[in-house]
Amino acid sequence: LSGSLIPPPADKNIVESDTKSNDQLNFFKQTTLIYLSRFLLMPTLGFGLIKIMKKYLPPSISKAFLDPVLVFILLLETCMPSAQNSTVILQLQGNAPGAAKMAR
């Protein structure tokens with residue numbers, strides 16, 4: 001999900017005079033989008049889904065969501081970045097060697 005929020009890289013044929021500052025700005029935008037989606041959007045969706053499941057699932061199934069440890073683990077899973085996301089971020093930055101190194 002986080003990787004899909006980042007727009008595709010611009011056309012390589014277009015030459016810009018201030019490439020370094022533009023790259024830094026793009027990196028900042030990409031990082032901000034990833035952090036917002038990972039630490040704000042996903043936990044909010046996860047919490048909402050847990051509340052909906054408690055309310056609308058049959059009582060025999062929704063009893064599992066009464067366990068506070070299970071709810072905590074499910075919410076924790078929604079905001080923890082995985083190793084795969086780290087490699088995707090590196091690939092989106094154009095750092096293929098870094099992504100390959102992280103994947104090992």
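1. Let's start with helix α1, which covers residues 19–56: four residues of the nonpolar surface patch come from this helix, and that is the largest share of the patch. Keep in mind that you are looking at a predicted model.

2. Which residues form that patch? The nonpolar patch on the surface is made of L49, I52, M53, Y56, L57 and I61. Taken together, they have about 580 Å² of accessible area.

3. Have a look at L57 while you're there. L57 sits in the loop between α1 and α2, where α2 is residues 59–62. Its relative accessible area is 31%, so L57 counts as partly exposed, a label for values between 20% and 50%. A patch residue needs over 30% relative accessible area, and L57 has 31%.

4. How many aromatic pairs does the structure hold? There is one aromatic pair. Its members are Y35 and F39, with ring centres 5.6 Å apart and planes at 15 degrees. The pair is called stacked because planes under 30 degrees apart get that label, and here the angle is 15 degrees.

5. Y35 and F39 are both part of helix α1. They are four residues apart, which is about one turn of the helix.

6. What does the side chain of S37 have beside it? A polar atom of the S37 side chain lies 3.0 Å from the backbone oxygen of I34.

7. Zoom out to the whole protein chain. You'll count five helices and zero strands. Reading from the N terminus, the order of elements is simply α-α-α-α-α.

8. How much of the chain is buried? Of the 104 residues in the protein chain, 17% are buried. The chain exposes about 8100 Å², and carbon and sulfur atoms supply 67% of that area.

9. One last thing to check is which parts of the sequence touch. Take the contacts in the protein chain between residues at least 6 apart in sequence: 61% of them join residues at least 24 apart.

Conventions: Residues are numbered from 1 along each chain as its sequence is written. This is a predicted model: local features need pLDDT of at least 70, side-chain atom pairs count only at pLDDT 80 or more; totals for chains, interfaces and linings use all residues. Side-chain values use heavy atoms; hydrogens and water are left out. Patches are made of residues with over 30% relative accessible area and no salt bridge: like charges are joined within 9 Å, nonpolar side chains (Val, Leu, Ile, Met, Phe, Trp, Tyr) within 5 Å. Accessible areas come from the Shrake-Rupley method with a 1.4 Å probe; for residues, only the protein chains shown count as cover. A salt bridge is a side-chain nitrogen of Lys or Arg within 4 Å of a carboxyl oxygen of Asp or Glu. Helices (H or I, at least four residues) and strands (E, at least two) are DSSP runs, numbered from the N terminus. Buried means under 20% relative accessible area, exposed over 50%, partly exposed in between (1.4 Å probe, protein chains only). Contact means heavy atoms within 4.5 Å. Rings of Phe, Tyr and Trp (its six-membered ring) pair if their centres lie within 6.5 Å; planes under 30 degrees apart count as stacked, over 60 as edge-to-face and the rest as tilted. A polar contact is a pair of N or O atoms within 3.5 Å; within protein, one must be able to donate a hydrogen and the other to accept it, and residues adjacent in sequence count only if both atoms are side-chain atoms.
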